[in-house]
Amino acid sequence: MHRLLKRQIKKTLGSTFDFDSIDEKIQDLLNIVSDVYDDFDDQRRMSEHIITVSSDELRNSNAQLKKLLDERSESLENKTIENKEIINLLHQYKVAIDQSLIVSRTDKSGIITYVNERFCKTSGYSEKELIGSPHNIVRDPYNSKELYKNIWETITNKKIWTGTFSNRKKNGDIYYVNSTIIPLLDPEGNIQEYMGLRDEITTQIEYQKKLKSQTQRIHTIFNSQENITLIIEPSDGIIDVNNRFFETFGYNNLDEYKKKVKCLCHLFEEKEQLDPKNNFGLKWYEQFLSNPKQVHKVTYKDSNKNEYIFRISCKKILLDAKTHILATLVDITELEHAREKAVVAQKAKSIFLANMSHEIRTPLNAIIGFSDILALSKLEPEQKEYANIVSKSALSLLDIVDDVLDLSKIESGKLEINKDTFPVNTLMDHIIELFSIKAKEKKIRFIYDADPEVPYSIYTDSTRLRQVLSNLLSNAIKFTPEYGYVIYSMKLIEKNKNKATIEFRVQDSGIGISKEQQAVIFEPFLQADTGISRNYGGTGLGLSICKEIIQLLDSKIKVQSQMNKGSTFYFTLEVDIKQGENEVSHHYEHLNFAMSDIKDDKEHLKINIQNYLEKIGSVYEFSKVGSNENFDYLFCFEDDSLLENIQKFKVLNPNAKIVYVGNKKTISNFEIKDFIHHYLDLPIYGSKVFNIISDSTIIEEEKQIDTIKTSDKVNTSKKHLLVAEDNPNNQKLIEILIHKLDMKCTIANNGQEAVNEYSNNKYDLILMDINMPILDGVSATKKILKMQKENNSYKVPIIALTANTIEGDKEKYIFAGMDDYLAKPIIFDKFKAMIEHYTKEDFVDDKLNSIKEEDSPLFSIQNTMNQLNLDEETSLMLLENFFLTINDDILILEEKIKNNLHNEVYQQAHYIKGSCLNLALNELASILEKIEQKAQTKEDTFEESEKLIKTLQQVKKTCNI
């Protein structure tokens, strides 16, 4: 046995192995192996011999072999590096695909052999559940068989299939994928397996479904609208319309419309705003976009001549990031017809109210006038009382008529707010003074509590504010029983540089209002209780009108009340305040006032009086001052030690005056009465206090002297008035009133007689009724004005004297050429003031033409003082108020001139002229009269406007304003 074989056996089986124990067959095998070992040794020896013999050749071959090996090694190394890069890149591709796509592989039979993690996460199946399962494990059973048939036919033909379909998760939910299925081929081009790459798009599909549903919904709404809707692209015209368009205009589709109609305007009547003559073309909508606030209407007539009226509006919208126009045509045919009927009805209502007002005011004029005259005549006290009752009853009826007219204005939206600047305390004093008499008649304790911090002048509608407060105070006094109280307070809530918020509050101890009644008390014609009208009177209109007025002033009136405990009505107003305007000071030397103590001043009487007195002097507590102080007045209140205090005060101040705050009847001690000079009873307000300081008796005497002087000035000329009036009672009344002013009058029974009288005689003033037979007042005025122009006749002021008080009447009469307006029934004080104003020498218009700049100064404050019979300080205040608004008035006038609005130019010039004449600004009035004349003759050039501005500046300079 070969030694190497024997050594290997011992190494394997152990050195003590017994070869004799080997099986015979194994022994034969080992011999064969031993022979192989021997043959190998022979060959090795042969090879060694050959190597030895040819070593040179081998060295050469070895060198060549090494070179080849190095080249192959270098090539292999380069290839290996390249393969590593490719493998790395392929790995990254796989990672990217696995992270972004759903990946699976199947064999040729569709059995899954590989899935990535995303496949498992999306489907809800584990990898173990998927591998070895057919791919239809995720198939959506609701997909059509044709889909899968198409997929299979494509990929078995070695083509790639792409498409979108739904799959089903393990939990039954459906998800959507964009799928690419690729057949993978072996080198011979045979299909080896299939790979699927899928991208889940469930969110996108759901969004598309919602978008489609929303689009369908919008399209349904778009086509279901009653209004006609058009979408216009500026360069292409109308690009879409709804079904209502086709139903209305009779076209089958948009193409048919575009072939037959060049412009939408051709569908409508030429008289309307879409006039085809304007040649708007594709951009017909521009006229509506340029004026969106205006209501634009168009009229269409169909083939049956049925008329339809549309309101058309246009607005710009963004579609696909491009500007488009959305046009809407709303059918307002029925609304327009209803509006026309309402206009007719409203006109009829206005005519009815005007006639009713005229018919009621005409007899009221005679009733009030004659009852006042009767009360002033020599009658027994009882008879005078009867005459006063008649007058008051007639005035109550007049208030009802005015309330009905105000309600009519509210319903028609014609109740206007006209704001002005005014001293608020002066207005309050007038209101309190008016109602103090009614309160005293009912023995009601009427208290006025004014906050001294309220600004002196405010800017709001003084007339409407007076109307609201008067109504609230009237109600409070009406519904408060005898010996009750009414408290009216005015309080500053907030104030800044230009604005102030003021609370107005009226509180009473009257019958009260229940919660249920408070809900309806502001409705027209409704009162808190049906018995109220029967027990207290009234129409139930007052609070309704108050509510509307306060709303127009941007606020709200509120009420707090309890039955049988009283009511409180209150509201706040935000008003403008005029900076730098202070209360007009009273012309007194500095005064010292002493005030005694008051037991219980819960009504703030003492502090209110103190606030008034501190404006004109110094105020001290009498109980706290020494014996060296000198006082001009002592204001004292009801007190057990009143007599003692007065006596002590008089010893130290023998010339001082005593003012008792309270009702004279509460003092029973005649000794006390002997000391008292003045009584200051409730309600207490500024002018009442100041009149006491000024000694009201002397003031009244001075007023009478001034009145006599003024009367003498008027009477010396014996003015002659022409009265055009058809009612005999009113003729007699006006004649009496004019004679009371020591003037003459001539009565004309109608407008034609008035024209004849004017042409034959000279008058200083014409009072012109409006509604008269034969020729009405407006027509008579126009004839007189025509005579003045054509015949160069003298000019005379004409005042409308009428019972017509509907909104716009005054403006209508002024525009007709009248100078002013006086409503019936005639109130003597207003009548007297207007007659005296228009019969002054410097008023008549023809006097204006004689004023020459070289003969008289441009303006003198003395003229204003003389004309108004006022002091210089008050006259300057009125001029300041005038100059506050004149610039705005002139700007309005210039705008009217610029637009050739002759009628409005006349009205505005006439309006400004009236203000100028009132203040004796005659030069300005003369210029404005020329503008009036040019406006009446429809001239186009108004060079006077420039002169007006220059003259105004000169007047301002003269006044140092």
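Author: Let's begin at T460, which is found in strand β13, residues 457–460. Helices (H or I, at least four residues) and strands (E, at least two) are DSSP runs, numbered from the N terminus. T460 has a relative accessible area of 3% and is buried (under 20% is buried, over 50% exposed and in between partly exposed, with a 1.4 Å probe and protein chains only). Setting aside neighbours within four places in sequence, T460 is in contact (heavy atoms within 4.5 Å) with N418, K419, D420, F422, L465, L553 and V575.

A word on how to read this: the model is predicted, so to speak of local features requires pLDDT of at least 70 and side-chain atom pairs count only at pLDDT 80 or more, while totals for chains, interfaces and linings use all residues. Residues are numbered from 1 along each chain as its sequence is written, and side-chain values use heavy atoms, with hydrogens and water left out.

Next, please find R505 in strand β15, residues 499–508. With 21% relative accessibility, R505 is partly exposed. Not counting residues up to four places away in sequence, R505 touches I487, Y488, S489, Q560, T568, F569 and Y570. M490 is 15 residues from R505 along the chain, and their C-alpha atoms are separated by 6.5 Å. The charged end of R505 sits over the ring of Y570, 4.4 Å from its centre; this needs NZ of Lys or CZ of Arg within 6 Å of the ring centre and within 35 degrees of the ring normal. R139 has its charged end over the ring of Y148, 3.8 Å from the centre.

Rings also meet other rings. Those of Phe, Tyr and Trp (its six-membered ring) pair if their centres lie within 6.5 Å, with planes under 30 degrees apart stacked, over 60 edge-to-face and the rest tilted. The count comes to 20 aromatic pairs. In one of them, the centres of Y620 and F631 are 5.6 Å apart and the planes stand at 70 degrees, so the pair is edge-to-face. It links distant parts of the chain, eleven residues apart: Y620 is in strand β19 (617–621), F631 in the loop between β19 and β20 (633–636). Y620 is partly exposed at 31%, whereas F631 is buried at 7%. Elsewhere, ring pairs link F245, F246, F249, Y251, Y257, F268, Y300 and Y308 into a cluster.

Strand β19 leads us to an open sheet of five strands, in the order β19-β18-β20-β21-β22, with parallel pairing (strands pair if DSSP finds at least two bridges between them). At the edges are β19 and β22 (678–680), each pairing on one side only. From one strand to the next the twist averages 25 degrees. Three bridges join β18 (591–595) to β20, and A594 stands opposite L634 in β20. Helix α18 (605–613) packs on this sheet, touching β18, β19, β20, β21 (657–661) and β22, and its direction makes about 175 degrees with that of β18. Here axes are lines fitted to C-alpha atoms, for helices over the stretch in contact, and angles run from 0 to 180 degrees between N-to-C directions. Helix α21 (686–693) lies across β18, β20, β21 and β22, at about 170 degrees to β22.

One last stop: twelve of the 15 residues of helix α32 are buried, so this helix is largely enclosed by the rest of the structure. Among the buried ones are N922, L924, I927 and A935. K938, which follows α32, has a positive phi near 60 degrees.
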